[in-house]
Amino acid sequence: MTDDQLQGVLMDGDGNDTRDLAPTVTLAKLYEEQGFLDKAASVYKKLLVMEPDRADLKEMLEAVEKRLAGSTTELEKSKTKIMLDHLTGWQKVTQERKKMLDQKGEKGRKILVIHGPNLNMLGRREPSVYGTFTLEQIDAEIKKTAEECGMSADTFQSNREGDLIEKIYEALDGYDVLIINPAAYTHTSIAIRDALLMLDIPIIEVHLSNVYQREPFRQKSMIADVVTAQVVGFGKDGYILAVKGASNMTRREADIARDA
Ligand code: DQA
């Protein structure tokens, strides 16, 4: 054995000089028990320098070296597993986020349009104030405009306050924006106001007529300070403006969410 080789066996796995510890089989076994396999191997090597013909030492060294090789492989395997687990987790997060943004983006954005009492009579009801279009015609135009904006719209009309309130609850999940004309309930309904207060989506209040130029009781809206925007006095076009405004509002929100 050369001096260099001897120097090699006098150093432990971490490059520490172990010459001050007398190499014995007991020391090697101690290292083995504590899991310091590289140190154990180094002790066996030193012993073999002194007693090169001892077959038992060679066997013990071989056994430790085998364990050393095995533990490295195990370590590598567990490192790879941790990396793969991380990657799979990250992939799941990315997929979920993409799904969420796809729902929010373009086709997925949904508008709910709610019409209050007597609006089912449009066309026949005071045409000089509310126009000659029927509610069916207005709803068809709302849906067409929503689709042109890459959205979809569901419409609903009721003459009953409770039904309107329960429809508002539906906007809690599954809608990105609410357009509402509560008609006469605009001026009286604290209950509709309270229902709207639950929503955290944009709400657009629409009136066919310019309520601010009419009787004093129509000039007070119970929901004006709860909604995001108002459109008044454009007749049926007010709904179309509201849909376009809703599209811009929610597209901005989807963009912000995508950039975050
Ligand atoms: C209305 C105005 C309300 O004052 C009235 O009661 C309606 C319709 C409008 O669209 O102009 O029914 O909301």
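Is Ala183 buried or exposed at 13% relative accessibility? Ala183 counts as buried at that value, where buried means under 20% relative accessible area, exposed means over 50%, and partly exposed is in between, with a 1.4 Å probe and protein chains only.

Good morning, colleagues. Before I continue, this is a predicted model, in which local features need pLDDT of at least 70 and side-chain atom pairs count only at pLDDT 80 or more, while totals for chains, interfaces and linings use all residues. Residues are numbered from 1 along each chain as its sequence is written, and side-chain values use heavy atoms, with hydrogens and water left out.

Let me stay with the backbone for a moment. Most residues other than glycine have a negative phi. Ala183, however, has a phi near 55°, which is positive. This residue is placed in the loop between β3 (177-181) and α8; helices here are DSSP runs of H or I with at least four residues, strands are runs of E with at least two, and both are numbered from the N terminus. Asn118 also has a positive phi, near 75°. Asn118 belongs to the loop between β1 (110-115) and α5 (127-130), and its relative accessibility of 37% makes it partly exposed.

I turn now to a helix pair. Two packed helices are described by the angle between their axes and the distance between the axes. The axes of α2 (residues 25-33) and α3 (residues 37-50) come within 7 Å and cross at roughly 165°. Such axes are lines fitted to C-alpha atoms, for helices over the stretch in contact, with angles from 0 to 180 degrees between N-to-C directions. The two helices, α2 and α3, are therefore roughly antiparallel, a label for angles over 145 degrees, whereas under 35 is roughly parallel, 65 to 115 roughly perpendicular and the rest oblique.

Which residues make this contact? On α2 they are Val25, Leu27, Ala28, Lys29, Tyr31 and Glu32, and on α3 they are Leu37, Lys39, Ala40, Val43, Tyr44 and Leu47, contact meaning heavy atoms within 4.5 Å. They divide into 9 nonpolar, no polar and 3 charged; Ala, Val, Leu, Ile, Met, Phe, Trp, Tyr, Cys and Pro count as nonpolar, Asp, Glu, Lys and Arg as charged, and the others, Gly among them, as polar. Leu27 is buried, at 16% relative accessible area. Between Leu27 and Tyr44 there are 9.4 Å from C-alpha to C-alpha, and 17 residues in sequence.

Tyr31 also takes part in the structure's 1 aromatic pair. Its partner is Phe36, and the arrangement is edge-to-face, with 6.4 Å centre to centre and 85° between the planes. Rings of Phe, Tyr and Trp (its six-membered ring) pair if their centres lie within 6.5 Å; planes under 30 degrees apart are stacked, over 60 edge-to-face and the rest tilted. Tyr31 is buried at 13%, whereas Phe36 is partly exposed at 38%.

Finally, two further residues. Tyr239, in helix α9 (residues 237-259), is buried at 0% relative accessibility. Setting aside neighbours within four places in sequence, Tyr239 has contacts that include Val113, His115, Ile138, Asn181 and Leu208. Met198 sits in the loop between α8 (190-196) and β4 (203-207) and is partly exposed at 43%. With the exclusion of neighbours within four places in sequence, Met198 contacts Tyr169 and Leu172.
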